[in-house]
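Please examine the following protein model and work through the questions on its local geometry and packing.

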Amino acid sequence: MEQPGPTPPAHEPPAGVSTTGVWNGLGYRADAQWIVLRQEEKPAAEIFTVSYVAEDRGERPVTFVFGGGPGGASAYLHLGVVGPRRIAFPGDGTMPSPPARLVDNPESWLAFTDLVVVDAVDTGFSRSAPGAEPTSYYGTERDLDALVEVITRWLGDNGRWHSPVLVAGESYGGYRAARLIRRLQESAGIGVSGSILISPALEFAGLSTIGLELGDYDVLPWVDTLPTMALAAAHHGRSRAFGPDTPPSEIRRAAEEFATGEFATFLVRGAATDPADRQRVFERHAALTGLDVEDVARAEGRIRITRFTRDLLRADRLALGIYDATVTTTDPYPDRELYMGADPTLTGIAAAFGAGINQYLRGELGVRTERTYTLLDPTVVAAWQDDTRAVYNHPPKGATDDLRYGLALNPGVRAIITHGHHDLVTPYHAGDRLRNQMRLTPGVASRLTAQHFDGGHMFYLWDDSRRAFTAAITDFVTTATAR
């Protein structure tokens with residue numbers, strides 16, 4: 001009779017590491033570890049986190065930090081602004097020459113909060129557990145449930161249930177942070193003190209004019225991106241509406257007034273617009289954005305951001321970045337109809353952050369793993385699902401309603417929306433518009449603020465903006481956690 005072989009050992013995630021450090025005279029412990037999530041009592045995912053806890057923490061709050069995508073790691077915030085170390089960038093949004101170099105970060109959020117930097121499933125060093133369904137967390141609600149479990153587990157394991165809790169996220173991470181205000185309180189009994197939304201993607205319907213699915217029947221995307229186009233045109237000396245010495249604040253006001261006034265009216269009225277008014281709109285649009293009026297008229301004012309970034313400096317064979325429209329790159333294929341080069345920020349930044357995060361985690365913290373650190377996995381984005389969609393014509397669930405709900409549910413929570421003025425992917429005007437459309441009472445409105453900075457999607461790559469951003473978040477966290 002054949003005897004059964006030995007039971008194979010249970011799979012375990014890589015071993016975590018702990019180390020100590022000193023930042024600006026503050027001693028802290030850094031823990032890099034994996035938190036195992038379970039479904040039906042079986043391991044389903046291994047979530048990689050790096051936490052920073054001050055030695056003499058007293059009543060310090062703890063802030064959980066998430067990346068975007070979905071499918072994007074948290075390395076950008078980790079080594080861009082929040083952690084004790086950061087990648088050295090030129091300071092104006094452009095990319096550094098390789099290899100990446102790590103420096104101390106004077107603007108680290110360790111000054112006012114402990115930190116837990118979280119990589120979602122299948123980003124960074126996080127992975128689906130062996131034998132688990134790889135896409136089991138690839139959905140709007142499943143993803144939030146996983147993050148709630150990570151937060152509750154970390155608070156319990158570290159004895160921090162008494163601490164004020166904040167959440168911070170960038171891009172899709174901003175969507176996460178907005179919705180977690182409600183989700184954490186309702187499903188885990190955690191009252192969030194503050195939510196920090198960094199270049200957030202709050203609503204997906206018509207988020208940007210990248211997609212070819214946008215067309216003649218959309219209004220808001222074209223309104224939201226025009227002020228950023230106007231600022232980019234002025235930055236590159238192509239504005240015909242303003243001189244080179246015009247303050248950016250004046251350009252913003254004028255562009256916003258036009259976008260929400262004459263331009264929005266034209267987009268809604270379409271062919272019912274008087275021909276003279278129609279021509280005036282095209283001419284004003286072209287003057288603000290630096291484009292040819294004939295091209296604006298041909299597109300009926302609906303200028304996709306990929307068209308704008310290709311055309312503004314086309315005569316110089318330069319293309320603008322969509323993540324930061326102040327940054328340019330040489331167009332490698334100027335004779336082709338569509339721009340087929342790389343985005344100078346998103347693609348250029350990958351080498352810096354890929355090398356930097358590996359230097360930091362493997363070298364300075366001593367993490368030992370054969371896993372590849374995944375900055376951005378497009379297969380996660382492609383497989384992502386809206387878990388709330390009931391019928392085919394339901395739009396993806398946005399975050400703004402949950403943000404409103406959470407602000408009403410918890411009278412102590414505060415939120416801040418931040419954007420870069422030169423970001424065409426999640427334009428600042430969209431955040432301001434949504435805030436103005438939330439119908440908040442004066443008391444609730446006083447707990448939701450907005451502050452924007454020069455630069456793009458990752459505006460903290462600009463030295464001045466990173467300093468101003470950290471100063472703003474210092475004040476925000478101090479107010480949100482005051483007792």
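**Helix packing, capping and contacts**

In this predicted model, the buried residues of H6 pack against helices H4 (220–235), H5 (248–269), H7 (293–298) and H8 (305–311).

Q: Which residues of H6 are buried?
A: A residue counts as buried when its relative accessible area is under 20%. In H6, the residues that are buried are Val281, Phe282, His285, Ala286, Ala287, Leu288 and Thr289.

Q: What distance separates the end C-alpha atoms of helix H6, and what span should its 15 residues have?
A: The expected span is 1.5 Å times one less than the number of residues. Helix H6 covers residues 275–289, so its 15 residues should span 21 Å. The end C-alpha atoms agree with this expectation, being apart by 21 Å.

Q: Which residue caps the N-terminal end of H6?
A: The backbone nitrogen of Ala276 lies 2.9 Å from a side-chain oxygen.

Q: Is Arg466 buried or exposed?
A: Arg466 belongs to helix H14, residues 463–480. Its side chain forms a polar contact of 2.9 Å with that of Asp463. Beyond four places in sequence, its contacts include Arg86, Glu107 and Tyr460. Because its relative accessibility is 2%, Arg466 counts as buried.

Q: How far apart in space are Asp432 and Ala450, C-alpha to C-alpha?
A: Asp432 lies in helix H12, residues 428–436. Leaving aside neighbours within four places in sequence, Asp432 is in contact with Ala450 and His452. Asp432 and Ala450 are 18 residues apart in sequence, and their C-alpha separation in space is 7.3 Å.

Notes: Residues numbered from 1 in each chain as written. Predicted model: local features only at pLDDT ≥ 70, side-chain atom pairs only at ≥ 80, totals over all residues. Heavy atoms only, no water. Helix = DSSP H or I, 4+ residues; strand = E, 2+ residues; numbered from the N terminus. Buried < 20%, exposed > 50% of the residue type's maximum accessible area, 1.4 Å probe, protein only. Polar contact = N/O pair within 3.5 Å; in protein donor to acceptor, adjacent residues only side chain to side chain. Contact = heavy atoms within 4.5 Å.
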